[in-house]
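Okay, thanks everyone for coming.

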Amino acid sequence: MAYNGNIGSLVEPDRVHRACYTDQEIFELEMDRIFYKSWIYVGHESQVPNPGDFWTTYIGRQRMILSRDDNGGVHVLYNRCPHRGALLCPERNGNAGKAFRCSYHAWQFHMDGSVRQIPVKNGYDNTRMSMENPAASMKKAERMGVYRGFVFASLASEGPDLVDWLGGAKAAFDDMCDRAPEGEVEVVPTCFRVVQKSNWKIFLENQLDALHPSITHESTGMAAKEIERQFEDRTGDAPPMSYGMLSAFTLPFEKWDSLETIGHPHGHCILQGYMGLRPSDPDSVHYEEIMKAAYGAERAEEILGVNIHHVLVYPCLSVQSPLQQLRAVRPLAPDRTLTEIWHFRLKGAPEPIYRRSLAYFYHVNSPSTMVNADDLHNFWSCQEGLSLDGGDWVSFHRNAGQDPEQDGIVTSVTGMSEAPMRNQFRAWKTYMTAGG
Ligand code: FES
Ligand SMILES: [Fe+2]
């Protein structure tokens, strides 16, 4: 054990010990003290629009079910039959009709997890098991919270409520939903699932790493820029916005450094936008007219003027609200992480605006893009290097000691500061040393 039982010693203000990324015992503690204590994103209400609908996912390594009952209620349940423990939903998603029915001995459960029927019921006469015994029903997540349609659950019975815990990170969901003329989003009910050969924290740290794009994604950005140039030469028109999603990676260091990152309590962080998402093509102008009609000119301007690129909801989400993208992080092992890559539709917005989200989903976030492949290579490469004995510390020294802080909010002095990583590890240390 690299830390002699003193977890706090692994995190210093400007560097962290590599055991945080590689040690199996640390990983188990992360499950208990972070993933089973904080709020974890489960799914969006629109994934289960109809009674009987369910979708399965994970909180930490616990398999969970998001379900919809006959009265429209949404529930988060452990995916376990109370009889002999079989998975109740081995499928990823579907409609269970009136009840979950276990494939082993046919115990049945309402969509809220309460037991509906036990076969050969008289076999339980004079035993401790009965329909009335709570142990005959599926267990629910201790707490569930919904913010603007986004469902979170906590496996701990105590802790801050969801809205307090989200704090400034609420911006992720407010910005995304406010951009819909109807004030709501709807999931596009499919997702890419990628298993990264790296620790879950490496992905989250990369999301607000504003130095890496012009290096890691340089070749992609340069190629996109060349295509943009050819398009302009050929047509005389400005290239479609989707090209800019890739060519933006060629922005110079000065531009990245001028961005602002803001660290919030609990490890949440926000990176300011850089792509310029208000072009003057007819589709965008039409959308802005619809927004003005829905909200009034002043409020519409306020909404469209919000300038966010990423919101990190620690430890489980990366949200790109202006393009309706969400990536959920599901740790599997110290060196294995499942990411679910989702996108959403703005309710009431015209189709071309949805095509913009779809383009970003495909061009930047999908497993088949060069952007994602370049990031995945870095994640794998870091995990491999951290397993070597060539050094024990990971450096977060860039602009260390210079983070202006007020009321728990840390503003970075420069866009390329490693302040967001330091902020994440501050939360990590708080979680990991509490009750340890
Ligand atoms: S294990 Fe589910 S009914 Fe027996
Ligand atoms: Fe990247």
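Let me start with a question: in which hand does helix 10 pass helix 11? Have a look while I say that this is a predicted model. Right, the crossing of helix 10 with helix 11 is right-handed. On the helix 10 side, the residues making the contact are Glu 288, Met 291, Lys 292 and Tyr 295, and they meet Ala 297, Arg 299, Ala 300, Ile 303 and Leu 304 of helix 11. Sort that contact by class and you get 6 nonpolar residues, 3 charged ones and no polar ones.

Now the geometry of that pair. Helix 10 covers residues 282-295, helix 11 covers 297-304, and their axes come within 7 Å, crossing at roughly 125°. Angles of 65 to 115 degrees would count as roughly perpendicular and those over 145 as roughly antiparallel, so helix 10 and helix 11 end up oblique to each other.

Okay, zooming out to the whole chain. We've got two pieces: domain 1 runs over 42-154, and domain 2 over 168-433. Their centres, taken over C-alpha atoms, are 34 Å apart. As for where they touch, 9 residues of domain 1 are in contact with 11 residues of domain 2. The domain 1 side of that is made up of 5 polar residues, 3 nonpolar and 1 charged.

Just as a reminder, most residues other than glycine have a negative phi, and most peptide bonds are trans. So here are the exceptions I wanted to show you.

First, go to the loop between strand 17 (308-313) and strand 18 (317-320), where you'll find Pro 315.

Next, Ala 106, sitting in the loop that links strand 8 (100-101) and strand 9 (108-109). Not a glycine, and yet its phi is positive, about 70°. Is Ala 106 buried or exposed? The cut-off for exposed is 12 or fewer C-beta neighbours, and Ala 106 has 12 inside 10 Å, so it counts as exposed.

And then Asp 407, in the loop between strand 22 (405-406) and strand 23 (409-411). Another non-glycine with a positive phi, this one about 50°. Asp 407 has 5 C-beta neighbours inside 10 Å, so it's exposed as well.

That's my tour. Happy to go back to any of these spots on the screen.

Methods:
Residues numbered from 1 in each chain as written. Chains lettered and ligands numbered in written order. Predicted model: local features only at pLDDT ≥ 70, side-chain atom pairs only at ≥ 80, totals over all residues. Domains from an automatic or database assignment. Contact = placed C-beta atoms within 7 Å. Nonpolar A, V, L, I, M, F, W, Y, C, P; charged D, E, K, R; others polar. Axes fitted to C-alpha atoms, helices over the stretch in contact; angles between N-to-C directions. Helix = DSSP H or I, 4+ residues; strand = E, 2+ residues; numbered from the N terminus. Parallel < 35°, antiparallel > 145°, perpendicular 65-115°, else oblique. Left-handed = near helix turned anticlockwise from the far one by under 90°. Buried ≥ 20, exposed ≤ 12 C-beta atoms within 10 Å, placed from the backbone.
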